Amino acid sequence: MAVLAGLVVASVAWLVPFAPNNEAGVRGAFVNAALVAKARRPALTAAEEKYIRELWPIHGDVERSTLRMSLGQIFYTTRDLSRADLGTRVKEASATYKAAEARLHALEPPASLHTEHMAYLSAVALFRESAAELLKMFSDGRDDHMLAAYPKSQEASNKIREVGGRFWPHEFPPH
Amino acid sequence: MSSTHLLNHAMRVGIFAFASLGSAGILLARDEDDDDDRGRPPQVLKQGFESTDQLLDDIERAERGPKHSVWIIESSRFMNVPHRAFMPDVGDPPFVDLPVNVGIIKAPNGDITLYDSGWKQLAYIFDWNTSCCWAAIRSQMRAIGLDPNRVVRIIAGHAHWDHSGQLSEFPNAVLYVQKEELKQIDFFLDYPTRFNGGHIRAVNTVDPLTGAQVGPPAQACARSPVCGYPPQTVQEILGKLLAGKARVIDGRHEVAPGMIIHPAFRGHTYGSQLLQVNTSRGQLVFGSDTYSSWTGIRDWFVANIQQTDTIQQFLAYEKCYVLTSKRNSFHNCIAAHEPVSYTAAYPITSNWWNIPGGNCSRAAELTLANGEKTHVPANPDRTPPGQCHSVIPPHEIRP
C-alpha cells in the first residue's frame, strides 16, 4: 500500500511539479496527493467554458509573438541579432496581433467574463500599437522607437498575465 | 597489354579517382542535404565549467574585497507542496511549505545587491494557489531597516517568474542575467513541434479548463524548456536593458570587489548563476534554484529539477562546496526554497523574525560586517507560521 501510495505521489509529482495542494484538509493525507493537480476553480457555465477554451489558442499566439519580439529587441541590443531579423520578428508579431484582435472580436464572452475579455482586448491593442511603433525604426532608422514602444508592451504583458492567472492558473507553475 | 601494365593503369585510375572524389569532398563526412542547420540545437552546449583551482583562486580574490552584511527575506510562500514534487528522493513529510527566499547583500558603503527579486503576479498567488505571505520587497526592506533606494544591482539567479519579478520596482538597479538564460528561451520558442504533434512546446501546455498537464498536445509545462518565463517577466528584463540598467553576461563575472557570479548552466535552467559573497563567516554562495534545497545540497539529493541537467546540478553543488571550503562548508550555501528556512534546522537562517507589517513573511539575518548593527528587533515577533494570518492584497483586473 505504501509503495502504491508512493507511486501515486511520484506520478503526480512528475505531472505537476510544485502544484500546491488546494484542497482543505488533505495536508498530511498521503493518499490524497492526487488532489493537488486540481485548481480551486468555481464551477463554470457552458458559455464561460466555451469562451475560455476559445481564448486559449489566441493567448498562445499572443504570448509566443510577444516573447519573440521582446527577446528580439534584447538580442538586437546586445548585437546578437541583425536589424533585418528583428524586423522580421516585429512584422510577424504585428500580423499576429491584428489577427488576434479579429479573433477576439469574433468571440462572444458571457456577461460574467466581460471585464476579462475587455482587458484582454485592450492588451492586444496595446501590443499592436507597440509593434507599430517598433516598425518605424525600420523606416527612419531610429532605434529610440524601442523606448517609445516599451511602456505599451509592458502594460499589455501585465494585463494578459493577470487575466491568465484567472483563467489558466497552471499555465506557469511556480518554479 | 601485360597484366602488370593493366594493374599499374588501374592503380593510377584509382588514385586519380580517389583524389578527385576527395577534392570534391565526396569522401569526407559531408552534410549533403539542403536544409539549414542554423536552426538545429547546438551540438556542444556551454558548460560554465570552472576548475577547482579557479574556484579556489576566487576565494582568495573575494577575500581581498570588503566583507558584506547579508539577510534573506521571504517574497512569498508556496503552501502544501507535495514533497516529492520538490525532491523526488524525499517524501517525508509528504507535504511541505516552500519559502521564496531573496538575498539582500549590503556592502560597507551602503550599496545593496539583491540576489533574485521575488515575484509579483498576485492573481496567480491569491486566486488559485493557496500560497501566502506575499509582500512587496521594497516595503519588506523598509520594515527591516534597509533602504530600498540603495539597491544598486539585482543578480537574477535565474529568470523564472517567481525569482525575477518586481524588477521594475528598482529602476536604478542594474540587472545581471546570463545570455545563456535568454538564448534558451528564444531557441525553444521555435521548437519543431511538427515532428511531435505539439508534444513539446513553449506555451499553452495545459488544458484550458481542467489545468491538467498530460500528454500531447498538452504536455507538462513544468518540464518544457520555456515554461516559467511569461512575457511579463521577459518584458521587465527588456525594460532594464532599454534603460541601460542591465548587463547580459556570459559566464563568470566579478560584479564588485568581494562579489563574484559563477555560471551554473542547466543546474536548474540553462543560464542559472550562483553568487559568491565575501563575509565575516567566510564565502556565502547563493544558489537560487540551482540548489533550491539546503538539505539537498547537504545530503546530495537533486531538488526542483525543472529545465535541469542533474549532473550539472550536482556540479553546481560541488562549486558551492569548493567556494565554502575554507569556512563552514555547505552551511554557507544559501537555498531559495528550503522548507526548513527560518528555523534552527537550517542553522544560518536561525536568527529569524516575522517582518513587521510583512503579511507573515519572514526575514533572517545571516551575517553582519564590522560596524553594521543588527536589524533583528529587540523583541522579535517569532509567531509560528501556522499561527500567523496573512491577508490578500487587492489585485483588480481593469479593462
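Of the 175 residues in chain A, buried residues make up 45%, in a model that is predicted. The secondary structure of this chain comes to six helices and zero strands, and its elements, read from the N terminus on, follow the order α-α-α-α-α-α. When contacts in chain A between residues at least 6 apart in sequence are considered, 64% of them join residues at least 24 apart.

**Helix α6 of chain A**

- Helix α6 of chain A covers residues 145-167, which gives it 23 residues, and from its first C-alpha to its last it reaches 33 Å, close to the 33 Å expected at 1.5 Å a residue.

**Helix α2 of chain B**

- Helix α2 of chain B, made up of residues 52-63, has 12 residues and reaches 17 Å between its first C-alpha and its last, which is close to the 16 Å expected at 1.5 Å a residue.
- The buried residues of α2(B) are B:Leu55, B:Asp58 and B:Ala62; seen down the axis of the helix, the buried residues of α2(B) fall within an arc of 50°, and they therefore line one face of it.
- On the face of α2(B) that is turned away from this buried side, the exposed residues are B:Asp53, B:Asp57 and B:Glu60.
- The buried residues of α2(B) are covered by elements of chain B that include the strands β8 (259-263), β9 (273-279) and β10 (282-288), together with the helix α9 (310-323).

**Strand β1 of chain B**

- Strand β1 of chain B spans residues 69-82, and since 13 of its 14 residues are buried, this strand is largely enclosed by the rest of the structure.
- With strand β2 of chain B, which consists of residues 95-106, β1(B) is joined by 10 bridges, and the two strands run antiparallel; in this pairing, B:Glu74 stands opposite B:Asn101 in β2(B).
- Strand β1(B) is also joined by four bridges to strand β13 of chain B, residues 362-367, and these two strands likewise run antiparallel, with B:Ile72 standing opposite B:Ala364 in β13(B).

Key: Residues are numbered from 1 along each chain as its sequence is written. Chains are lettered from A and ligands numbered from 1 in the order in which they are written. This is a predicted model: local features need pLDDT of at least 70, side-chain atom pairs count only at pLDDT 80 or more; totals for chains, interfaces and linings use all residues. The expected span of a helix is 1.5 Å times one less than its number of residues. A residue is buried if 20 or more other C-beta atoms lie within 10 Å of its own, exposed if 12 or fewer, and partly exposed in between; C-beta atoms are placed from the backbone. The arc is that of the directions from the helix axis to the C-beta atoms. Two residues are in contact if their C-beta atoms, placed from the backbone, lie within 7 Å. Two strands pair if DSSP finds at least two bridges between them.
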